[in-house]
Structures are given as structure tokens and as C-alpha cells.
Amino acid sequence: MKRIISIISAVAVLVAGTTACDLDINYNPNLPDPDVISNDMIFPGAEMAVAVSYGDYLRIVGGYYSQTYSQQFGTSNYLDYSAFTISASRCSGTYSQFYQKGLKNLKTVQEKATASGDKGTFLAATVLRAFVFQTLVDCFGEVPYSEALDESILTPKYDEGKDIYKGILAELDAALADVSDADFVCTNFLYPGEGATPWIEFANALKLRILMRMSNVEDVSAELAALIAENRFPAEDVELAGCWEKAAGKESPFYGEEFSTLGGSTQQNVIANIAIVGTMQRVDAESGAVVYTDPRLAAFFETNSSGEFKGGISGTNFSTADAPYKSAAYWCRPVASFDMPVSFISVAEIEFFLSEYYARYGSATDAADHYAAAIRASFDAAGVSGADEYLARYPFDKDNYAECIGVQKWLALSGVNTFESYCEIRRLDYPSFGTVKGSDMYSGSGAANLSLYEPGHLYTPFQVFGSLGSGKLLERFPYAESSDSRNPNCPEFPGYDTPVFWGK
């Protein structure tokens with residue numbers, strides 16, 4: 001693995017060349033000729049490029065927009081995200097990284113795999129390509145797809161998100177139809193030393209996510225029924241793990257950005273949000289005593305200096321508040337390590353999708369069974385016990401399945417994959433906004449009254465992006481500045497409160 005990691009920096013930019021996708025990039029003649037580089041070298045670099053953006057930037061923004069995270073006292077790096085704000089420049093790096101170092105390299109892998117008849121590697125590259133385009137749609141709504149990687153087109157058209165989803169589904173189906181379990185897959189981090197089988201299962205899990213999101217606006221029940229009847233989903237979380245090192249530039253992306261001091265930074269930004277803490281830890285209204293704590297809370301967040309769980313308020317970093325809020329040690333930080341996985345899709349997420357499917361199209365018994373399986377998978381992944389007691393407290397509610405699943409998926413993903421949590425909140429509309437606002441809990445000075453928070457709900461941040469206003473979630477990112485400023489085909493931005501196609 002160490003040899004692979006050592007070549008990533010060179011390989012990740014090797015195939016960028018003079019690509020389309022609105023990027024002004026020239027080929028570096030000092031790098032090796034792409035024609036003599038094998039997929040064993042290119043594919044790991046593409047995986048890392050995807051993991052860096054998805055597992056770092058999108059975990060951070062997803063955490064703030066899902067009100068899993070809030071901003072640490074005394075720092076302001078992500079205070080704009082905490083207030084549900086984002087700018088075209090702030091998301092440009094991720095947009096460019098996905099295209100330049102992710103999709104372009106994956107296209108090269110596909111071309112080399114096709115030339116050599118390597119169907120397993122072709123599937124693996126197709127799965128990651130579909131994963132990236134799904135993520136781009138979920139962020140921006142519309143992005144270049146059909147013309148995106150055509151080197152003869154410098155200003156590619158933007159495709160509708162719905163058309164992109166249909167396109168990547170067709171790509172996955174074609175690659176799956178052409179592959180067998182025995183097929184070889186080139187060197188990779190996700191499933192090292194394994195063949196096509198886990199990639200087939202990953203492809204099916206990704207199809208499930210895509211189809212369930214499409215199902216809000218289009219009848220895909222037949223496609224879902226066929227996929228679920230096949231029942232070939234991962235038995236373990238799909239995550240990039242076992243490839244991180246405690247060395248500068250080789251740590252897991254979120255940890256390297258927010259926790260590591262190897263790069264010289266000591267600033268701490270991300271803390272728990274009162275929404276997560278106040279939902280996972282229930283307090284008696286009269287006595288203030290803790291009556292139940294979700295066992296996963298300790299797996300997802302550290303306790304503060306007093307051994308307690310304390311979450312901050314979106315839209316503020318308490319810079320003018322009285323003690324004890326005016327102390328970084330009062331707040332709880334996420335549990336993180338240099339080798340923490342980057343999750344692409346978890347078993348819990350898959351089971352929640354299956355529960356929702358059966359609640360909508362099948363039997364209440366099957367829906368409840370998959371709901372329970374999702375909770376147990378989440379507890380197992382967190383390494384804690386107590387799932388049965390939790391299910392007794394929070395059983396499946398068929399009559400309010402969207403709220404039941406939406407809130408529980410939010411909690412399950414809060415320590416695993418905050419970006420997908422943010423996406424599912426936008427799709428299911430749960431957790432919903434309560435009646436209490438951030439400005440009700442905190443006035444801007446003096447003590448905060450965190451006990452006012454309504455468990456199981458979002459709330460309007462103390463300071464909120466003016467283009468949204470009260471009781472609204474940021475529905476999409478603005479088109480990336482790196483594209484908008486160079487591509488005349490970039491459409492007019494429809495507004496921060498305009499949902500992407502599956503959220504309408």
C-alpha cells in the first residue's frame with residue numbers, strides 16, 4: 001500500500017491534461033506519458049481524488065447543513081456554512097477536483113480497460129464515475145455530463161440532473177451486464193486483492209440510492225422491485241479504510257483537515273450541534289437530568305472537559321457569550337482519527353432505503369424489519385450495544401414512515417456520512433424545522449438556553465443566510481465559480497432555495 005500512496009500525487013494529475021469541464025489546465029511534459037502508465041497506477045489516484053473531496057469538504061459542509069456540526073468558539077472558518085451560506089468560490093475546488101483528478105482519470109481507466117478487455121476494472125471505474133456524477137448532481141443540480149470529458153469541447157453544456165441520473169444508471173446497467181464475479185479488477189484501495197464481486201454489490205447499492213432519490217419525482221417502482229428482488233447488496237459498509245497513514249498528506253481527509261497538526265495547523269472549527277446532542281441525549285424537562293443517552297453519541301462525539309455532551313448553535317460561535325460558553329473546552333468535538341474510514345455508502349443507509357421502499361410499495365412488516373436492521377447495523381458499525389433497547393424506545397412508525405426513517409437516518413449518519421445525511425433531509429423533509437429558532441436559544445450575548453431545543457428537529461440558525469430566511473434549508477450549491485466564469489453555457493442560477501430535481 002505504501003508504494004501506491006507514494007505515487008498518488010503524480011498520478012492524480014497525470015491524466016488531467018487539456019480536459020474540458022471548464023478547466024484551464026495544461027499538460028505537464030515532466031510527467032510520464034499517460035500511454036505507458038497502467039491502470040494499477042491510475043485507479044488508486046482517482047480513488048484518492050474522490051475521497052479527498054467527498055470525505056473532507058463535503059463531510060464538513062454536509063455536517064453544518066444537516067446541523068450535525070456547529071462552529072467552535074473563537075474560530076470562524078466555517079461560520080458561513082453554519083449560517084447555511086455557501087459561495088461559488090468556496091465550492092469551486094471540489095467541483096474542479098471531481099472533474100480534473102477524478103472523472104478524467106476514471107475515463108482513462110475505462111479506455112484502457114476497454115482496450116484490454118478488462119471488464120472488472122471497467123465496472124469499478126464506472127461505479128466510481130457514477131458515484132461522482134451522482135454527488136455533483138446532489139450538490140449543484142445541473143452540471144456538464146454528456147459533453148463534460150470531450151476534449152474537443154471547451155465549454156460543455158450543462159445537463160439536467162434527472163438526465164444525468166438516468167445516464168449513470170444506464171452506464172451501471174451496461175457495465176453490470178458485461179461483467180462476471182470472476183473478473184479481475186486492477187489495484188485499488190477500496191477492495192484490494194478482490195475481484196469484481198464487491199464492486200457489483202457496490203454498484204447495486206449505488207443504484208438503490210439513485211433510484212430511491214428519483215422515486216420522489218418519477219415512477220421507478222419496477223426498477224426498484226427488480227433490483228431489490230436480486231438482493232445483491234454489500235454486507236459491509238462501503239468505505240475507504242486501511243490505506244491511511246499518520247504522516248502529512250496521507251491521513252484520512254477529514255482528520256487531516258480538521259484535527260491533524262502535521263501540517264502546522266492547530267485551529268479547531270467543528271463541534272457538535274445542539275440538534276444532534278439534544279436528540280441523542282434526552283433530558284428531563286423539569287429536573288434537567290439526563291434520562292437516556294443514545295450509545296452511539298459517545299462513538300460519534302467526544303465529551304467536553306467536564307465529561308458532558310454539549311452542542312453549539314448554528315450561525316454563531318459564541319464569541320461574545322459569557323462563561324462557560326466562552327471556552328473551547330466546553331464544547332464536544334467529533335470522534336476522529338488519522339485512519340478513520342471515508343464512507344461511500346453504509347449498510348445502515350441501504351437498510352433505511354429498503355425500509356422506505358417497503359413502507360411505500362410493500363408490507364409494513366418488511367418495512368419494520370429493515371428499519372430494525374438499519375438501526376442494528378448503525379449500532380454495530382459504531383461498535384456499541386443497546387440496539388434492542390433503542391428500538392423499544394423508537395419503534396418503526398408505518399403511518400409516519402418518512403419522519404421516522406428521516407430522523408433515524410440523520411442520527412445514524414451523523415458520525416459516518418454527513419453529506420448523505422444532508423441529501424436525505426432535503427429529499428424526505430425530515431427532520432423538519434421546529435418552532436424554536438437559534439435566536440430563541442441565544443440572544444447574541446450572555447447565557448444561552450440550550451434546553452429550549454426541540455428534539456428531532458432542525459432550527460433556523462442564530463444568523464441565517466438572508467437569501468433563505470427562516471425555516472429553510474440550503475437546497476443547492478451555486479454553480480462553481482471555476483465554471484461560471486469561463487463557460488458561457490453555465491445556466492442562470494435558479495436560487496439557493498430551489499431544490500435539485502429529486503427534492504421537488
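Okay, let's start at Ser-355, which sits in helix H12, residues 347–361; helices here are DSSP runs of H or I with at least four residues, strands are E runs of at least two, and both are numbered from the N terminus. This is a predicted model, so local features need pLDDT of at least 70 and side-chain atom pairs count only at pLDDT 80 or more, while totals for chains, interfaces and linings use all residues. Residues are numbered from 1 along each chain as its sequence is written, and side-chain values use heavy atoms, with hydrogens and water left out.

Back to Ser-355. Is this serine buried or exposed? Buried, with a relative accessible area of 0%; buried means under 20%, exposed over 50%, and partly exposed in between, using a 1.4 Å probe and protein chains only. Leaving out residues up to four places away in sequence, Ser-355 touches Ala-367, His-370, Tyr-371, Phe-396 and Ile-405, where contact means heavy atoms within 4.5 Å.

Now the core. In soluble globular proteins, nonpolar side chains tend to be buried together. Here the largest nonpolar core has 152 residues; such a core is a set of buried Ala, Val, Leu, Ile, Met, Phe, Trp, Tyr and Cys residues joined through side-chain atoms within 4.5 Å. Leu-136, Trp-199, Phe-202, Leu-208 and Phe-477 have the most contacts inside the core. Take Phe-477: beyond its neighbours within four places in sequence, its contacts include Tyr-57, Tyr-65, Cys-139 and Phe-493.

Most residues other than glycine have a negative phi, and most peptide bonds are trans. Which residues are joined by a cis peptide bond? Tyr-430 and Pro-431, with omega at about 0°. Pro-431 is in the loop between H16 and helix H17 (438–441). That loop between H16 and H17 also holds Asp-429, which isn't a glycine but has a positive phi of about 65°.

Gln-67 has a positive phi too, near 55°. You'll find Gln-67 in the loop between H2 and strand E1 (69–71), and it counts as buried at 0% relative accessibility.

Last stop, the lining of the largest cavity. Helix H2 (39–65), strand E8 (342–345) and helix H16 (418–428) each supply at least two of its residues, and H2 gives the largest share, three. By type, the lining has seven nonpolar, five polar and one charged; Ala, Val, Leu, Ile, Met, Phe, Trp, Tyr, Cys and Pro count as nonpolar, Asp, Glu, Lys and Arg as charged, and the others, Gly among them, as polar.
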